[in-house]
Amino acid sequence: MLHIKDLTAEVDGKPILKGINLTVNAGEIHAVMGPNGSGKSTLASILAGRDGYEITGGSVMYQGKDLLDMPAEDRARDGVFLAFQYPVEIPGVSNIYLLKAAVNARRRHSGMQELDAMDFLSLVKEKVRFMEMDEKMLYRAVNEGFSGGEKKRNEILQMIMLEPTLALLDETDSGLDIDALKVVSKGVNSLRSPERAMILVTHYQRLLDYITPDYVHVLSAGRIIKSGGPELALELERQGYAWLTGDQKDAPSKGVAQ
Amino acid sequence: MSDAASRFYADEFERVENLLPGAGNIQLDDQRKKALEDFLAQGLPTTRQENWKYTSLAALEKKPLPLIQEQDQAEPSLAEILEVAVLPQAEHRLVFVDGRFAPALSKHALAVGVRAGALSSRVADRPDEGLPLSSPYPSALVSLGLALSEDGLDLTIPSGVSIQSPILVMFVSASAGHSVFPASAIHLAEGARVTLIEQHVALHNEAAFAQVLTRVTLDQDADFTHVKLQVEGERTIHLADTEVDVAARAQYHSVVLALGASIGREDLRINLNASGAHADLDGAYLPRKRMHLDHHTTVRHVSPNCTSRQSYRGILDEAGRGVFNGRVVVEKDAQHTDAQQSNANLLLSDNAEIDTKPQLEIFADDVKCSHGATVGQLDPAELFYLRSRGIDEAAARALVTFAFAARVLSSLESQEALYAGLRKALFTHLPGGAVLEDLSL
């Protein structure tokens with residue numbers, strides 16, 4: 001489904017990705033882990049089409065198409081979804097309006113009929129209940145005044161409404177308490193299917209206690225330096241990143257070690 | 001007085017003075033003559049005056065336009081009027097065409113005791129009362145309007161009467177190439193309540209000039225929502241002067257949308273005259289092409305314990321230019337004043353310009369006053385967030401822009417039909433607004 005080959009990218013002339021190779025097949029969940037500044041959020045952003053990155057080499061093929069050639073909105077309509085690390089507040093645009101516009105943009109693009117107001121409303125209410133959210137949030141402005149946890153739930157709500165083919169979750173676990181983490185994980189797990197793939201970008205093993213990945217990759221200084229199964233994440237949790245990067249600052253801190 | 005425009009309007013006055021409503025009544029004639037003299041003594045404002053520093057009336061000076069003659073008056077059909085009406089379904093509709101009341105296009109079913117009609121009738125019937133429009137702060141333009149006004153809205157709501165359905169007043173410019181001077185007097189007696197929509201619209205895109213005068217008196221506990229929608233033609237110069245006196249515990253809510261005209265200027269003065277009076281002012285201006293839209297507000301806190309809140313928003317595109325000057329005066333007796341003011345602007349083009357100036361003049365010592373102005377561009381993070389959800393770039397831009405402007409309408413949300421009509425007016429005048437219609441906002 002997704003083939004990343006020798007991908008290099010820079011920001012303001014500073015190389016961030018230095019040759020990423022990664023293949024993700026339908027049905028798989030990949031965790032991309034790494035210390036701060038390793039480039040893992042950059043990778044997610046580039047895949048979703050955020051501006052401000054200079055792609056200096058390599059290629060990304062998604063379902064046989066050159067992903068890097070597509071504007072962000074086309075990627076979304078083709079099933080790529082990014083759950084933001086820092087969801088954006090959009091004053092004046094209600095959640096329900098954004099959800100409806102997004103769902104219908106995707107449906108139109110896939111040649112499906114748009115949902116009418118009634119069908120849409122019953123669907124969205126069902127999903128809101130599933131995410132253990134308050135229906136009233138639908139009528140509030142997008143993310144405005146939401147707590148960190150509410151914003152992350154809202155990202156997952158959008159994701160389960162849009163049913164993406166390739167979901168990118170950027171540090172979705174950061175800033176979540178244990179209850180919110182469980183709900184968010186429930187949302188993510190509900191989307192697991194043989195047709196769908198996910199990339200979880202995360203610093204900590206914590207999320208992976210709830211969502212078991214098929215593969216774990218360690219990103220450091222813009223390269224994948226090690227790949228393995230779920231046991232690799234546990235190893236990282238025990239030993240910190242220093243074990244792989246050789247950098248003392250990547251050793252586990254007291255707060256992280258369980 | 002030597003400038004050409006002054007001479008021109010002096011001649012116009014001579015031509016029409018005997019045709020004005022109530023002409024022949026000595027007092028009334030005198031009031032008009034004095035007003036004209038006052039105008040002639042001052043002349044049209046120029047950019048040398050601080051209040052007009054950013055807004056030039058040179059175009060008006062160079063080419064003043066005559067008042068319309070009876071035989072030239074166009075007669076638009078009801079269908080034409082309803083097509084441009086912001087609230088075509090309004091139960092109460094009063095239409096003025098080229099400055100004159102058009103009874104055939106108007107209708108209302110207001111309670112007994114409510115007076116809603118043409119000011120010209122009232123003045124003709126009771127000329128001894130004079131024009132109920134004088135101001136303690138007469139500017140040249142106010143005086144000009146006073147001298148030349150033929151008609152306008154006469155609205156009086158008796159004590160305790162609450163009108164549920166909003167009243168739509170339309171000032172329609174049907175004939176190009178003329179000046180109109182609509183002048184309106186609005187009085188809400190004790191505890192009265194109403195929503196008025198004042199729409200200024202042109203059926204043409206040729207040159208025209210409107211000098212609009214509005215006087216509002218709110219007795220104690222009255223509650224007046226005053227929506228002004230300026231959707232004049234591309235070559236209209238629209239200058240408006242509104243003065244509002246607010247008595248104890250009365251509330252004045254103003255929502256002004258300046259969406260049309262080549263030059264638009266709104267002077268809005270609110271006097272909070274007695275304890276507990278409140279004013280809420282929301283406004284949006286959307287200059288594009290070479291439009292110039294100017295808002296000058298003055299909120300005068302005369303008495304203690306009054307509150308005011310102002311929020312004006314500008315969206316400036318192409319070579320559009322905006323001016324916001326918000327003045328809050330807290331007089332020495334006005335202790336415990338709470339006054340807030342904000343002005344936010346979105347610049348969508350390198351050629352657009354905004355001059356914004358908040359002005360606080362505080363003479364009391366126990367007050368809470370705040371003001372702030374911002375100028376910014378569309379936030380790329382917001383745009384990317386929307387695009388990452390499948391909304392294309394043009395729609396994302398339009399949506400963020402619209403959301404920015406539409407916040408000035410939030411106080412009207414409960415009045416569904418009006419709210420929908422104003423949102424539509426807003427997005428049809430926004431850059432890329434057509435896209436939003438597709439998204440069935």
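Me: Which residues of β7(B) are buried on one side, and which on the other?
Reply: B:Ala183, B:Ala185 and B:His187 are buried on one side of β7(B), and B:Ser184, B:Ile186 and B:Leu188 on the other. Buried means that 20 or more other C-beta atoms, placed from the backbone, lie within 10 Å of the residue's own. Strands here are DSSP runs of E, at least two residues, numbered from the N terminus. This is a predicted model, where local features need pLDDT of at least 70, side-chain atom pairs count only at pLDDT 80 or more, and totals for chains, interfaces and linings use all residues. Residues are numbered from 1 along each chain as its sequence is written, and chains are lettered from A in the order in which they are written.

Me: How many bridges join β4(B) to β7(B)?
Reply: Four, and the two strands run parallel. B:Ile157 has B:Leu188 as its bridge partner. Strands pair if DSSP finds at least two bridges between them.

Me: And which way does β7(B) pair with β9(B)?
Reply: In the parallel sense, over six bridges. There, B:Ile186 has B:Val216 as its bridge partner.

Me: New topic: at what angle do α4 and α5 of chain A pack?
Reply: About 135°, with the axes 10 Å apart. Axes are lines fitted to C-alpha atoms over the stretch in contact, and angles run from 0 to 180 degrees between N-to-C directions. Helices are DSSP runs of H or I, at least four residues.

Me: Who makes that contact?
Reply: A:Val124, A:Lys127 and A:Val128 of α4(A), with A:Leu157, A:Ile160 and A:Met161 of α5(A). Contact means C-beta atoms, placed from the backbone, within 7 Å.

Technical notes:
Contact = placed C-beta atoms within 7 Å. Buried ≥ 20, exposed ≤ 12 C-beta atoms within 10 Å, placed from the backbone.
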